[in-house]
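Hi,

Here is the structure I promised to pass on.

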Amino acid sequence: MSEIAISVDNLSKAYHIGLKEEIPDTLFAAARMWLNRPLHNLRKLARLNTFNDRDDERDLHWALRDVSFNVDFGEVIGIIGRNGAGKSTLLKILSRITEPNSGRAQISGRVSSLLEVGTGFHPELTGRENIYMNGTILGMRKTEIDGKFDEIVEFSGVEKFLDTPVKRYSSGMNVRLAFSVAAHLDPEILIIDEVLAVGDQAFQNRCLGRMSEVARSGRTVLFVSHNMAALRRLCTRCIALENGQVVDDCDADQAIDRYLLSMRGARSDVVTPTRLGTVTEVKLRGEAEPLLKTFCPARIELTIEASQRIVDPGLYVGILSQDGERICGLDLKDFATAEPIPQGNRATMGFRIPKLNLSPGHYMVEFHIKDMASSTVDQIDRMWDFEVVNSKEYGNRKSGKWFGHLALEAEPILPSGTAQDDP
Ligand SMILES: Nc1ncnc2c1ncn2[C@@H]1O[C@H](COP(=O)(O)OP(=O)(O)OP(=O)(O)O)[C@@H](O)[C@H]1O
Ligand SMILES: [Mg+2]
C-alpha cells in the first residue's frame, strides 16, 4: 500500500448560482438520486452544452478551485476557513457525495465520514438498524459489528431509543449516534465536518477524546472545525481555504495563527455587505468611554442599511476567544420583538451589557442578522476583534491562561486559626 492516504489533484467544483444542487442527506435519498441518475445526467449534459455560454459562466460560483494536496497515512489534518470557503464541499467530494467539475481525489482505505447531521442514516430505520447498515456499507461483517455494538451504543448515550426510528431523534441524539458510529466502526480514514458545533460541552470533549484515540491508533483524520482550540489540540497540520483555494498548508499552530490574523481584517473595512443589507458600522465600546473594561458597562451595536424590508428583524451576537471558542451569545429575540426595518433605512441594534464579566484579554465578536419572517439568517463571515482591559472594579487580579475568560465576582474567605487568632 502506498504511503498516501488521500491525494487531491487540481480539484474544482462550481455551483450554478440559484440552482441548488440536490445533495442527498440520507442513504435513502442517495439511492433515490442514483435511480434518477439517467434523467439527472441528461439534464447535466444539456447544461454542459451551454457551459461555454458567457451568461452561464457568469452564473457559476466556484466553491473550489484547483485544490491540490496529499495526506499521508496517520496524519491528522485540520481544514480551516471562513463560512463559505469550500470546506464542506471538499469533504463532500472526498466522501463521494458530490462530484467535482474537474480534477481528481483518490482515497486509499476505508472511509467513514460524518458530514451533516443525519448524513448516512436512513430516517425510517431504528438506531440499531442504522448501526448495522453503516457497518455493512463500510464492508464489515455482522460479527465484527456485533463486537463494536456495545461500545457504539454506550458512547452515543441513546441506548433507550435504540429501537426507535432515527427520524424521531433530536438533532443532538442524531449527531451523537452518527459520531459514535463513524468513530467506532474502524475506519482507516475518518472525515468529520464540524460535529463539535452540536452537542453540549461534555459530549464535545468526549468526541475530541475519541478523535484523538482514533488519531493515536494511526488512523488518518480530516477534521473541519471553527474551534481553533480543538484543532490546535488534535491536528499536526492545517490546510486553510479561502474562496475555494488553498492559501496555507503547514504546521497547525502556524496556519491557525495566520488564519486568525486574516480574520481580524483592517479596522477601517467595516462596510460589509450581507443578503439583508449592508453593515455600515459596528461599535464595541464602554458605555461612557471608548475602552471595554472588565466589570464595567459595555455596548455592542451594529448598524445595517436594509437592502430589503426586514419584516421581523433579529440579531445574534457571539463572543469568541482568540482561538475561536465560543464563550457566550446573545439573541435579540430572547429579549424583545423589533419593529420592521423599511427598505433603505438604517437601523442600529445590539445590546447594552450592564456589567461585562469577561476577564482582560483579546476577544472576537460575530453577528448573524436575521429576518425571522422569511427565516433568512445572514451569518456575517467576518469577525470584529476587541480588547477588554483591566479596571478599578476588577482590581489587580491576574488574567491569562490560568484564569480563563470569565471574570467572577468573588470575596475571599481567609484561613481561620492563624497567628492573629492566638490569645
Ligand atoms: N449545494 C449547493 N448549491 C449551491 N451552492 C452551494 C452548495 N453547497 C455549497 N455552495 C456554495 O459553495 C460555497 C462553499 O460552500 P461550503 O459549504 O463548502 O463552505 P464551508 O467552508 O463549509 O462553509 P461553513 O464554514 O459555513 O460550513 C459557498 O459559497 C456556498 O454557498
Ligand atoms: Mg461547512
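To start with the ligand: how far is an oxygen atom of ligand 1 from a polar backbone atom of Ala85? The answer is 3.1 Å. Before you go further, please keep in mind that this is a predicted model.

**Around the ligand**

Asn83 has a polar side-chain atom 2.9 Å from an oxygen atom of the ligand. For His226, an N or O atom of the side chain is 2.9 Å from an oxygen atom of ligand 1. On its own, ligand 1 has 630 Å² of accessible area, and the protein covers 73% of that.

The shell around ligand 1 is made of 15 residues, with Gly84, Lys87, Ser88, Thr89 and His226 as the closest. Sorted by class, seven of the shell residues are polar, four are charged and four are nonpolar. If you want to find the shell in the fold, look at β2 (60-72) and α4 (87-94), each of which supplies at least two residues. Helix α4 gives the most, with three residues.

The buried ones are Lys87, Thr89, Leu90, Leu91, Lys92, Ile93 and Leu94. Just past the end of the helix, Arg96 has a positive phi of about 60°.

Strand β2 has a backbone feature too. Asp66 is placed in this strand, and its phi is positive, about 50°, although the residue is not a glycine. For context, most residues other than glycine have a negative phi.

**Aromatic pairs and charges over rings**

How many aromatic pairs turn up in a search of the whole structure? There are six. One of them is Tyr132 with Phe149: the ring centres are 5.4 Å apart and the planes are at 25°, so this pair counts as stacked, the cut-off being under 30 degrees.

Tyr363 has a relative accessibility of 1% and counts as buried. Phe386, at 6%, counts as buried as well.

The charged end of Arg382 sits over the ring of Trp384, 4.2 Å from the ring centre. Lys355 lies over the face of Phe295, 5.5 Å from the centre of that ring. Phe295 itself belongs to the loop between β12 (292-293) and β13 (298-306), and it is buried, with a relative accessibility of 8%. Its phi is near 65°, a positive value in a residue other than glycine.

**Contacts across the chain**

Arg237 is in strand β8 (residues 237-242). Why does Arg237 count as buried? Its relative accessibility is 13%, and the cut-off for buried is under 20%. A polar atom of the Arg237 side chain lies 3.0 Å from the backbone oxygen of Asn70.

Gln322 is in the loop between β14 (313-321) and β15 (326-331), where it is partly exposed at 23% relative accessible area. Its C-alpha atom is 8.4 Å from that of Met228, and the two residues are 94 apart along the chain.

Gly109 sits in the loop between β4 (102-107) and β5 (111-114). With 36% relative accessibility, Gly109 counts as partly exposed. Which residue is 104 away from Gly109 in sequence and 6.9 Å away in space, C-alpha to C-alpha? That is Ala5.

Cheers

Key. Residues numbered from 1 in each chain as written. Chains lettered and ligands numbered in written order. Predicted model: local features only at pLDDT ≥ 70, side-chain atom pairs only at ≥ 80, totals over all residues. Heavy atoms only, no water. Near = heavy atom within 4 Å. Polar contact = N/O pair within 3.5 Å; in protein donor to acceptor, adjacent residues only side chain to side chain. Areas by Shrake-Rupley, 256 points an atom, 1.4 Å probe, with all protein chains shown as cover. Helix = DSSP H or I, 4+ residues; strand = E, 2+ residues; numbered from the N terminus. Nonpolar A, V, L, I, M, F, W, Y, C, P; charged D, E, K, R; others polar. Phe/Tyr/Trp six-rings, centres within 6.5 Å; stacked < 30°, edge-to-face > 60°. Buried < 20%, exposed > 50% of the residue type's maximum accessible area, 1.4 Å probe, protein only. Lys NZ or Arg CZ within 6 Å of the ring centre and 35° of its normal.
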